[in-house]
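New notebook page, new structure. I want to get my bearings before anything else.

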Amino acid sequence: MALGTWAVRDAAATTPVYAAAEDLTPGDPIDTGSLVVQEVRLGAPEAHYLRVADGVPARAVAVRPVAAGELVPRSAVGSTEAVDLRPVVIPLGLSVPADLGPGTVVDLWLTPPPPSAATPADGEDPEPVLLAADLVVAEVLEDTSVFTGGTGVSVELLVPRLDLPEVLGALSSDGELVVVPTFGAPGAGAPAEGQG
C-alpha cells in the first residue's frame, strides 16, 4: 500500500520550469517579463530546460529562436557576446510566405532579373543564388503605400557577420530577394502545453 501511494505521488510530482511568454529571437533579453512558469512532470527531461529553482542568469539573451509557449532550453540561453548577428531589412520582391513571422527560420535567395532585349542571349537562363541559410526573422514590416513597389513587405533578418557582404551587396542588385522558410530547424524547445 505504501509503495503504491509513493508511486502515485511520484507520477504526479512536477517541477516548475520556464516557458517563453512570447516569441524569442536571438538577441532578445530573457528575464521574468518574457517568461511564464509551467509545471513539468518529473518524468520529462526537465534538466534540459531552464528551471525556476535555478533562476534566470543575469543579462541573459536568447541565442536561438524559442516560440511562444515552448519550454526554454538551457542551450537557448546565453550572453550577448554569443550572438554574432546583425539586423538587416530585406525588401521582398516576390510572393511572401503565408506563415512568415518573428522567429521563422528562412533561407535568403537572390533571383536574377530576366534577360532584356539588349542583353545578348547565351543560351543559358540565370539561376537563383543562395545568399545565406538558416536566418532568423526578427520582424515583418508592411508598407501599405500605393507608391511601394514589389510586395510592399520587408523582413528584418538576423544575419551572421560573415554573410553580411553578400547580403548587403544583393540589396543593390537588379534581382529580386526571396525568403524560403525551412522546416525542422534544430534547437526548437518542447511545447509547454500538456506538460503540467
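Predicted model: local features only at pLDDT ≥ 70, side-chain atom pairs only at ≥ 80, totals over all residues.

Entry 1, the overall layout. I counted elements first: the protein chain has two helices and nine strands. Going along the sequence, I read the pattern α-β-β-β-β-β-β-β-β-α-β.

I looked up how much of the chain is tucked away, and 32% of the 196 residues are buried. The chain exposes about 11500 Å², with carbon and sulfur atoms supplying 56% of that. Then I checked contacts between residues at least 6 apart in sequence, and 70% of them join residues at least 24 apart.

I traced an open sheet of five strands, ordered β5-β8-β7-β6-β9, with antiparallel pairing. β5 and β9 are the edge strands with a single partner each, so one side of each has no neighbour in the sheet. On average, neighbouring strands here are turned by 45° against each other, ignoring direction. Zooming in on β5 and β8, I found eight bridges joining them. P87 stands opposite L158 in β8. I also looked at α2, which lies across β5, β6, β7, β8 and β9 and runs at about 25° to β5.

Which residues touch the most other members of the largest nonpolar core? I got I90, L108, L157 and V179, out of 20 residues in that core. Elements giving two or more residues to this core include β5 (85–92), α2 (164–171) and β9 (176–181). Another core lies apart from the largest one; its 12 residues include L35, A62, V66 and A76.

Definitions and conventions
Residues numbered from 1 in each chain as written. Heavy atoms only, no water. Helix = DSSP H or I, 4+ residues; strand = E, 2+ residues; numbered from the N terminus. Buried < 20%, exposed > 50% of the residue type's maximum accessible area, 1.4 Å probe, protein only. Contact = heavy atoms within 4.5 Å. Areas by Shrake-Rupley, 256 points an atom, 1.4 Å probe, with all protein chains shown as cover. Core = buried A, V, L, I, M, F, W, Y, C linked by side-chain atoms within 4.5 Å. Pairing = 2+ DSSP bridges. Axes fitted to C-alpha atoms, helices over the stretch in contact; angles between N-to-C directions.
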